[in-house]
Amino acid sequence: VHRMRFLDYQPKPIICLAPTSSSPATAASDYVAVSRDNGTVELQSVDEKFRTVATVAGLSSRPVNVMTWTYGGGGGGSSSSTTTNTNSHENKSSYYSSYHESHTHIHGRRTLVGASSDGTIFIIDFAHGRQTSVIGSGGGGVFSLVSLHSSTDDDNHDCMNLVAAGCEDGSIRIYRIVTTESEQKLELVSTIACAGSAILSLAWRRFSGTSSKGMEGTVLFAGVADGTIRRYDCVQSSSSSNVTMSTNAVLNGSGDGDIVMSVPGGASWKSNLRMTVECLGRNTPTRVWAIQALADGTVVSGDSLGHVQFWDGHTGTLQQSFDQNDNKADVLGVVVGGGGENRVFASGVDSRVVCIERNANTGCSNKWIMTHAKRPHTHDVKALAICRSKDTSGTMSPTTTPQPHQDQEILCTGGVDTKLCTYRVKDFRKVRPKIMYPWPDVSPVSVATEARIVALRREDRIDLYQLGRHSTSLTVDASAPPMLLPED
């Protein structure tokens with residue numbers, strides 16, 4: 001037995017977390033995509049105690065800064081189709097239960113879209129372990145990415161494959177996931193005019209009571225680097241003539257490769273509201289790093305002054321403001337959870353994870369109160385996400401379909417300290433978080449017993465070590481240290 005002190009495994013910080021959405025309502029398992037600083041994207045299964053089921057290596061020079069899931073598009077080249085190892089099944093008899101068949105259908109229609117600060121947008125294909133359909137944003141670096149499917153429970157299938165990207169030049173570009181027989185690709189369908197500064201965060205929502213078809217009736221909220229929050233509404237266009245390309249217009253594919261605006265009655269984006277975040281007398285504007293939109297029209301923002309603020313998304317009025325920390329450190333992430341969107345979680349440069357809840361003791365449903373905070377991380381928390389566990393007891397059989405009451409919301413946080421922490425949303429105050437340390441599921445150590453060689457898989461190379469040789473007395477020279485073999 002050899003004790004190796006020279007392994008020196010160094011896990012990478014977490015940049016972004018992207019959970020699969022539970023919309024449309026289904027019993028399918030949830031997954032969380034974890035992006036790390038070296039460009040790697042891991043797909044972790046929530047119901048398997050966050051076991052890594054697939055990995056895309058990516059490029060160390062192009063880390064995936066933002067990700068979001070879409071749904072639909074026909075499944076060809078889907079990003080998570082290998083997670084259930086069902087690509088080889090060709091008929092219904094291959095499924096061991098209807099529950100398994102339903103999972104396979106749902107997973108095959110999920111697509112993970114990522115983007116980087118170098119201005120590229122791409123599809124992360126776990127089935128083949130690579131990034132596909134890599135295109136330039138046309139607006140510089142991409143700092144935010146959101147899909148209508150991941151941010152709402154809307155079952156409008158015309159919108160589930162749409163992605164909005166916030167760009168460095170201040171524009172918002174909306175793409176559609178188009179599936180062909182051989183691949184998936186990103187197609188530009190709309191561009192919202194430049195806001196003057198970089199778009200740092202996005203929230204896309206269809207509010208309660210609106211039931212228009214397609215993008216029409218949806219609302220985009222953008223956190224801009226100039227210290228403002230902009231609201232854009234997708235409304236019926238007054239244009240009555242065909243155009244090849246128009247800023248703010250919603251474009252449709254014509255089938256022959258050209259993109260034209262659908263008329264009459266096409267849709268376009270309109271800027272309706274502007275909310276200004278306080279700067280406390282500083283010369284630099286406040287950065288709005290995170291933003292979320294609730295079904296009742298409330299907008300939640302996290303900014304560079306350490307504030308978590310609640311706005312009326314219809315009038316632009318600031319309703320409440322909370323300090324996530326006492327040092328005015330940046331709030332980098334905000335997520336919404338709880339039944340009826342009653343809880344908001346926030347964290348950032350100060351690793352304190354705070355919980356803000358609706359005050360049920362008052363008659364006003366818009367009154368919020370900070371209830372609890374935890375500090376399981378040692379460094380900056382860069383990503384927060386809420387996913388759902390379908391089987392909290394761990395005793396679900398393959399032939400049993402989980403009931404809705406078995407769903408449990410789980411808050412996931414990650415950051416510079418490389419570990420993933422999970423919390424039960426319902427019992428956030430009572431239950432301590434679970435810590436998932438980033439040791440890889442596949443060991444980086446391999447041993448050739450006969451040759452007495454140990455292989456250590458590094459990020460950019462493989463090191464081979466020669467262990468101690470046998471002496472003439474058939475005993476092992478345990479005092480001899482392992483020797484690194486030359487490259488030749």
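What does the accessible surface of the chain come to, and what percentage of it belongs to carbon and sulfur atoms? The accessible surface is about 22,500 Å², and 48% of this belongs to carbon and sulfur atoms; accessible areas come from the Shrake-Rupley method with a 1.4 Å probe, and for residues only the protein chains shown count as cover.

This is a predicted model, in which local features need pLDDT of at least 70 and side-chain atom pairs count only at pLDDT 80 or more, while totals for chains, interfaces and linings use all residues. Residues are numbered from 1 along each chain as its sequence is written, and side-chain values use heavy atoms, with hydrogens and water left out.

**Figure 1. The whole chain.** The secondary structure comes to 1 helix and 34 strands; helices (H or I, at least four residues) and strands (E, at least two) are DSSP runs, numbered from the N terminus. Of the 488 residues in the chain, 51% are buried, where buried means under 20% relative accessible area, exposed over 50%, and partly exposed in between (1.4 Å probe, protein chains only). Among contacts in the chain with a separation of 6 or more, 56% are between residues 24 or more positions apart; a contact means heavy atoms within 4.5 Å.

**Figure 2. Two nonpolar cores.** A nonpolar core is a set of buried Ala, Val, Leu, Ile, Met, Phe, Trp, Tyr and Cys residues joined through side-chain atoms within 4.5 Å. The largest one has 21 residues, and Ile172, Trp204, Leu220 and Trp269 have the most contacts inside it. Elements giving two or more residues to this core include β10 (162–167), β11 (172–179) and β18 (267–276). Another core, of 16 residues, lies apart from it, with Ala18, Tyr31, Val56 and Val64 among its residues.

**Figure 3. Surroundings of Gln324.** Gln324 is found in the loop between β22 (318–323) and β23 (331–337). It counts as buried because its relative accessibility is 0%. A polar atom of the Gln324 side chain lies 3.2 Å from the backbone oxygen of Asp350.

**Figure 4. Ser117 in its loop.** The loop between β6 (110–115) and β7 (120–125) holds Ser117, which is partly exposed, with a relative accessible area of 42%. Not counting residues up to four places away in sequence, Ser117 touches Asn65, Gly141, Val142 and Phe143. The side chains of Ser117 and Asn65 make a polar contact (3.2 Å); such a contact is a pair of N or O atoms within 3.5 Å, and within protein one must be able to donate a hydrogen and the other to accept it, with residues adjacent in sequence counting only if both atoms are side-chain atoms.

**Figure 5. Thr120 in strand β7.** Thr120 has its place in strand β7 and is buried, with a relative accessible area of 13%. Its side chain makes a polar contact with the side chain of Asp118 (2.7 Å).

Figure 6. A search of the whole structure finds 0 disulfides, a disulfide being a pair of cysteine sulfur atoms within 2.5 Å. For Cys167, the nearest cysteine sulfur is that of Cys194, 10.0 Å away. The sulfur of Cys412 is 3.7 Å from the closest cysteine sulfur, in Cys387, so it is too far for a bond.
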